[in-house]
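Work through the following exercises with the structure at hand, and try each task before reading its solution.

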Amino acid sequence: MEIIKHFIDKIITKEDLIFFLQEINSLEKFVFEKEKNFFFKKLEEVFGKEFKDFFLSQPLEEQLFLFKKIKEEFQNLPQLKLEIAFQPDRGFILRLKKWLDEEVGQGIILDIFFDPDVVGGAIVEYQGKYFDFSLGKEIDNLQLEGYS
Amino acid sequence: MNEFNFYLEKNKEIGYISSFSHAVAYVSGLPGLRLEEMIITESGKLGITHGLKKDLAEILMIDVKNLKIKERVVRTEKEFEIMVGPGLLGRVINPLSQPLDGKGTIEGEKEYQKIKKEAPPFIERIRVNKPLETGIIMVDLLIPIGYGQRELIIGDTKTGKTTFLLQTIVSQTKKGVVCIYVGIGKKDTAIKWTEEYLKKEDALDKTIIVHTSPDDSPSLIYLAPYTGMTIAEYFRDKGKNVLIVLDDLSTHAKIYREISLLLRRTPGRDSYPGDIFHLHAELLERAGNIINKNKKEVSITALPVAVTLENDLSGYIPTNLMAMTDGHIFFDVNEFRKGKRPAINAFLSVSRVGNQTKTPIEKDLTSWIRKKMIEYQKALEIAQFGAELPVETQKTIDFGKRIEILFSQESEIIIPQELQLILIGLLISDFWKNKSLIEMKTEISNFLEKYKKGKFPKLPEKIEEIKDLEHLQFLIKEILPEIETLG
């Protein structure tokens with residue numbers, strides 16, 4: 001859906017995605033409400049004025065279908081799982097997102113885990129592929145070689 | 001966990017369990033996964049890839065206990081394999097080649113083989129040409145089986161099918177044939193009885209029992225006949241003749257139906273999946289008589305079992321199995337209720353390739369006995385009316401009853417083929433003509449016992465020299481004084 005492509009920039013991490021989907025779930029409940037002021041306000045807050053106008057121009061049944069389609073689109077976005085040995089700040093996450101957008105393409109959701117056993121480097125999982133670039137693994141291998 | 005980490009490191013692919021239901025798990029990820037490939041979960045549980053959808057793989061899990069959603073899964077890049085080796089002889093194992101009999105690990109030379117293999121090509125196959133002795137006189141005479149044949153054993157439950165199969169196994173182990181009994185969803189007590197019977201008859205050390213009980217996971221039960229057939233192929237490739245009993249394929253079909261319905265495959269006739277015929281045909285085609293790489297004739301003889309309900313031979317699975325086998329032996333529940341043992345209906349049984357294995361004398365005897373049996377059946381129909389019967393009809397009925405006595409065999413009695421010829425020869429020579437049926441039965445038992453104790457050491461040699469019916473009758477006259485003294 002073209003109209004929601006610019007929302008993809010706002011959704012960077014999995015937590016952002018979960019929060020966004022929760023917002024849509026709460027909005028869905030108001031579609032058939034008689035009193036709609038709160039709904040319009042929330043809609044504009046989450047999606048912006050342009051989307052709100054587009055949304056309101058659709059018939060009621062289409063509005064519900066639209067929310068469902070948006071949820072499906074976002075749930076199907078590819079996720080990159082990253083295990084690192086520190087808690088990243090927002091700046092780090094934004095830089096990482098920018099690099100991914102340039103190298104891989106838009107629309108990748110970051111799923112970042114903090115695991116001290118990684119020690120350094122990272123363990124990366126993306127679309128079923130698994131790459132262990134962690135320092136923890138190297139240390140384990142060295143220890144095993146030492147025992148043998 | 002070690003195996004999991006090893007494969008994760010090796011293949012660099014990971015998947016997650018999205019959902020699971022009974023024996024089936026749906027896994028996301030693992031982009032390079034292939035059909036029939038084995039997977040391992042983080043907790044060490046094994047599964048086999050049964051289907052590949054757009055985003056998910058359908059995995060048949062061997063063990064589903066304590067499986068978790070989002071549990072990590074890795075590929076092994078191998079198809080499902082089991083361990084085979086001579087150490088399996090005399091053991092009771094499950095379809096994963098793990099021992100169940102409490103006798104410790106499997107010792108000796110081992111190798112790993114895939115359970116799903118292609119059947120031997122037609123160019124390696126040769127005609128069934130050697131008789132397989134079951135030790136049951138009725139079968140060996142009227143419905144003969146040959147090495148490499150696939151003969152279906154069909155009948156209602158509790159009609160003596162398993163007893164017949166075990167008698168055949170005992171008879172064949174004495175000839176050095178490796179026997180495999182695959183119990184598909186059989187109760188533990190039933191398998192224990194089987195093990196005890198084979199032990200008592202000194203046949204257990206040449207037999208392998210592959211056991212699955214009804215409370216095992218459907219995946220494990222589904223694998224059982226494949227495990228049995230893989231073990232059979234291992235011994236065949238080592239130059240041995242093998243006999244495999246699949247008891248029973250009706251249960252196997254039901255389990256496959258359960259799995260297919262869980263996988264949401266479109267149900268066909270009787271809710272069985274559309275590929276049920278292919279499943280069993282693919283398995284049974286692996287049996288047969290072939291020339292191996294060393295130019296030696298070796299065989300796998302398959303005796304699959306099918307269960308009917310009240311003698312209904314027109315069921316879906318029984319008719320499927322009849323179409324893909326070289327004949328069937330029908331255990332008639334009406335005969336069983338009349339007290340006949342074994343309860344085989346020779347008129348409704350057939351062996352399509354068994355006649356190729358018979359000697360001319362055996363063919364003569366068979367056609368003669370069949371003729372007498374048909375005359376007996378017709379005479380019985382006339383006798384039903386209660387009218388006074390002519391002398392010839394009475395003689396026919398009397399002779400028919402004597403044939404029935406000859407064919408009746410309890411579970412402990414196994415009659416070697418050479419002895420079968422002698423007994424038939426005695427019947428034809430009217431040896432029991434003026435004796436009662438009970439006397440006849442007692443004399444047959446005595447004769448068998450004496451033969452087992454070695455009272456007729458030269459008999460097997462003399463029997464090999466018999467060429468026709470006349471020759472047989474001549475031999476009977478020769479040994480008659482010896483038999484009469486045994487009384």
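**Exercise 1.** Determine which helix holds B:Thr230, and decide whether B:Thr230 is buried or exposed.

*Solution.* In this predicted model, B:Thr230 is found in helix α5 of chain B. The next step is to look at the relative accessible area of B:Thr230, which is 0%; buried means under 20%, so B:Thr230 counts as buried. Finally, when neighbours within four places in sequence are set aside, the residues in contact with B:Thr230 include B:Ile82, B:Val84, B:Gln113 and B:Arg286.

**Exercise 2.** Describe the helix α5(B) from its span to its surroundings.

*Solution.* Begin with the span: α5 of chain B runs over residues 218-237, and its 20 residues reach 30 Å from the first C-alpha to the last, close to the expected 28 Å. Then follow the course of the helix, where a kink of about 35° lies at B:Ala224, shortly before the proline B:Pro225. Just after α5(B), the residue B:Gly239 takes a positive phi of about 95°.

**Exercise 3.** Decide whether the radius of gyration of chain B agrees with that of a compact globule.

*Solution.* For 487 residues, a compact globule would have a radius of gyration near 23 Å, and the 26 Å of chain B agrees with this. Turning to the make-up of the chain, chain B has 15 helices and 19 strands, and buried residues make up 53% of its 487 residues.

Conventions: Residues numbered from 1 in each chain as written. Chains lettered and ligands numbered in written order. Predicted model: local features only at pLDDT ≥ 70, side-chain atom pairs only at ≥ 80, totals over all residues. Heavy atoms only, no water. Helix = DSSP H or I, 4+ residues; strand = E, 2+ residues; numbered from the N terminus. Expected span 1.5 Å × (residues − 1). Bend = angle between axes of the 7 residues up to and from the residue. Buried < 20%, exposed > 50% of the residue type's maximum accessible area, 1.4 Å probe, protein only. Contact = heavy atoms within 4.5 Å. Rg over C-alpha atoms; globule rule 2.2 N^0.38 Å.
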